[in-house]
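Me: I am new to this structure. Please show me how to read it, one feature at a time.

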Amino acid sequence: MNIITFDSDDKLNEAAANIIIGQIQTTPRAVLGLATGGTPVGIYKQLVNDYRRGMISFNNVTTFNLDEYVGLPIDHPESYHSYMNSHLFEHIDLPSSQCHIPDGNATDPEDECRRYDQLIELSGQIDLQLLGLGHNGHIGFNEPAHALIRGTHVVDLADETREANARYFTTINEVPAQALTMGVGTILKAKKILLVVKGADKADIVQRALQGPITTDCPASLLQTHPNLIVLLDKTAAGKLS
Ligand code: GLP
């Protein structure tokens, strides 16, 4: 595991964007796993700037997003489809046929999960998986549990996850109760994982995830087993690491 700490948000975002650009430049048809949430917003902004400056083309890239809420209309401002369009996809030359996000409105969610796993399988392996970290140690929407699920599945969101994400909605009642998420098995199969965490409120969970016991109670702790994990932290998120 390679942990790098930054004292400025701009430097962290630039470093993350450079890792993603490096992956695209060295892999002819790079497959990227993408994340949502507050953390990657600045990274996507940096990638859009780099694209506008002619530093990178996404024409041959394929992307798979980690997750999507169940039952939120696709054009709802807080759907992860809307998030990806507004923060990244509509600003770059990534063909829409090459961006994949689970369909949270599928009539048969189980079937949608199988379809999503097959698509990932068909694309080969995810070359670089970008990840954020939930306050309870979730990655994607893989919540703490007695057992974790390998592939894409429907998940009941933990109360603390709905509370954390309520800031994007008018009331907590509007936060969907379920989501479709890529499984931990798929995440760990990525050739390289880029975990990005910001903020003092994540310092405890960063410590547990990176230096605590490997346990399904903290899904991110399984990342310790990955042979090619890069962790980018701001100073405050790194505050409790020994
Ligand atoms: C969200 C997403 C995760 C994200 C996490 C942290 O609910 N499903 O992919 O990493 O929670 O979000 P944030 O970066 O806003 O703290």
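Me: Where do R115 and E112 lie, and how many residues apart are they?

Reply: An α-helix has 3.6 residues a turn, so residues three or four places apart point the same way. Here, R115 and E112 both sit in helix α4, three residues apart, about one turn of the helix. Helices (H or I, at least four residues) and strands (E, at least two) are DSSP runs, numbered from the N terminus. This is a predicted model: local features need pLDDT of at least 70, side-chain atom pairs count only at pLDDT 80 or more, and totals for chains, interfaces and linings use all residues. Residues are numbered from 1 along each chain as its sequence is written, and side-chain values use heavy atoms, with hydrogens and water left out.

Me: What do the side chains of R115 and E112 form?

Reply: They meet in a salt bridge at 2.7 Å, N to O. The term means a side-chain nitrogen of Lys or Arg within 4 Å of a carboxyl oxygen of Asp or Glu. By this rule the count comes to eight salt bridges.

Me: Is E112 buried or exposed?

Reply: Buried means under 20% relative accessible area, exposed over 50%, partly exposed in between (1.4 Å probe, protein chains only). E112 is at 6%, so E112 counts as buried. R115 has 38% and is partly exposed.

Me: Which parts does the salt bridge of K240 and D204 tie together?

Reply: The side chains of K240 and D204 meet at 3.1 Å, N to O. K240 lies in the segment after β10 and D204 in helix α7 (residues 203-211), so the pair ties together parts 36 residues apart in sequence. K240 is partly exposed, at 48% relative accessibility. D204 is partly exposed, at 48%.

Me: Which residue does D7 meet in a salt bridge?

Reply: K11, at 3.6 Å, N to O. D7 counts as exposed at 55% relative accessibility. K11 is partly exposed at 49%.

Me: Now the sheet. In what order do the seven strands run?

Reply: Strands of a sheet pair through backbone hydrogen bonds, either parallel or antiparallel. For a pair to count, DSSP must find at least two bridges between the strands. Here the order is β1-β10-β9-β6-β2-β3-β5, in an open sheet with parallel pairing. β1 (2-6) and β5 (99-100) stand at the edges with a single partner strand each, so one side of each has no neighbour in the sheet. β1 pairs with β10 (residues 229-234) over five bridges, in the parallel sense. There, I4 has L232 as its bridge partner.

Me: Which strands does helix α1 lie across?

Reply: Contact means heavy atoms within 4.5 Å. Axes are lines fitted to C-alpha atoms, for helices over the stretch in contact, and angles run from 0 to 180 degrees between N-to-C directions. Helix α1 (residues 9-26) lies across β1, β2 (31-34), β6 (128-131), β9 (192-197) and β10, at about 160 degrees to β10.

Me: Which strands pair in the antiparallel sense with β8?

Reply: Strand β4 (residues 67-69) pairs with β8 (residues 178-181) over three bridges. Strand β7 (residues 153-156) pairs with β8 over four bridges. V154 stands opposite L180 in β8.

Me: Last, which residues of α2 are buried?

Reply: They are G42, I43, Y44, Q46, L47, V48 and D50. Their cover includes α1, β2, α3 (80-87), β6 and β9. Just after α2, G54 takes a positive phi of about 80 degrees.
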